Amino acid sequence: MIEEPGTPADDAAVQQRVEAIVAQGPGGAFALAGVATAIVLAIWFTFYFLVFVARGGA
């Protein structure tokens with residue numbers, strides 16, 4: 001979608017919307033990082049218990 005340059009009033013409205021979004025903080029990014037970390041830890045523990053402990057390498 002091609003966006004034409006707007007009037008200064010439009011730019012001010014867009015700026016206010018952006019500031020409102022930024023003010024909410026990076027909650028989604030923290031949630032995604034937490035889920036990814038939990039998955040990596042679950043895979044690591046699964047590998048540890050099923051491979052190393054099962055072979056007596058602990």
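Of the 58 residues in the protein, 0% are buried (buried means under 20% relative accessible area, exposed over 50% and partly exposed in between, with a 1.4 Å probe and protein chains only). This is a predicted model, in which local features need pLDDT of at least 70, side-chain atom pairs count only at pLDDT 80 or more, and totals for chains, interfaces and linings use all residues. Residues are numbered from 1 along each chain as its sequence is written, and side-chain values use heavy atoms, with hydrogens and water left out.

**Fold and surface**

- The protein contains two helices and zero strands; these are DSSP runs numbered from the N terminus (helices: H or I, at least four residues; strands: E, at least two).
- Leu 41, Trp 44, Phe 45, Phe 47, Phe 49, Phe 52 and Val 53 make a nonpolar surface patch of about 700 Å².
- Patch residues have over 30% relative accessible area and no salt bridge, with like charges joined within 9 Å and nonpolar side chains (Val, Leu, Ile, Met, Phe, Trp, Tyr) within 5 Å; a salt bridge is a side-chain nitrogen of Lys or Arg within 4 Å of a carboxyl oxygen of Asp or Glu.

**Helix 2**

- Helix 2 covers residues 27-55 and includes Phe 45, which counts as partly exposed at 40% relative accessibility.
- From first C-alpha to last, the 29 residues of helix 2 reach 41 Å, close to the 42 Å expected (1.5 Å times one less than the number of residues).
- At Tyr 48, helix 2 bends by about 30°, the angle between axes fitted to the seven residues ending there and the seven starting there.

**Aromatic rings**

- Rings of Phe, Tyr and Trp (its six-membered ring) pair if their centres lie within 6.5 Å; planes under 30 degrees apart count as stacked, over 60 as edge-to-face and the rest as tilted.
- By this rule there are six aromatic pairs.
- Among them, Trp 44 and Tyr 48 are stacked, at 5.5 Å centre to centre with 10° between the planes.
- Tyr 48 and Phe 52 have ring centres 6.3 Å apart and planes at 50°, so this pair is tilted.
- Tyr 48 and Phe 52 are separated by about one helical turn because they stand four residues apart in helix 2.
- Trp 44, Phe 45, Phe 47, Tyr 48, Phe 49 and Phe 52 form one aromatic cluster.

Definitions and conventions. Areas by Shrake-Rupley, 256 points an atom, 1.4 Å probe, with all protein chains shown as cover.
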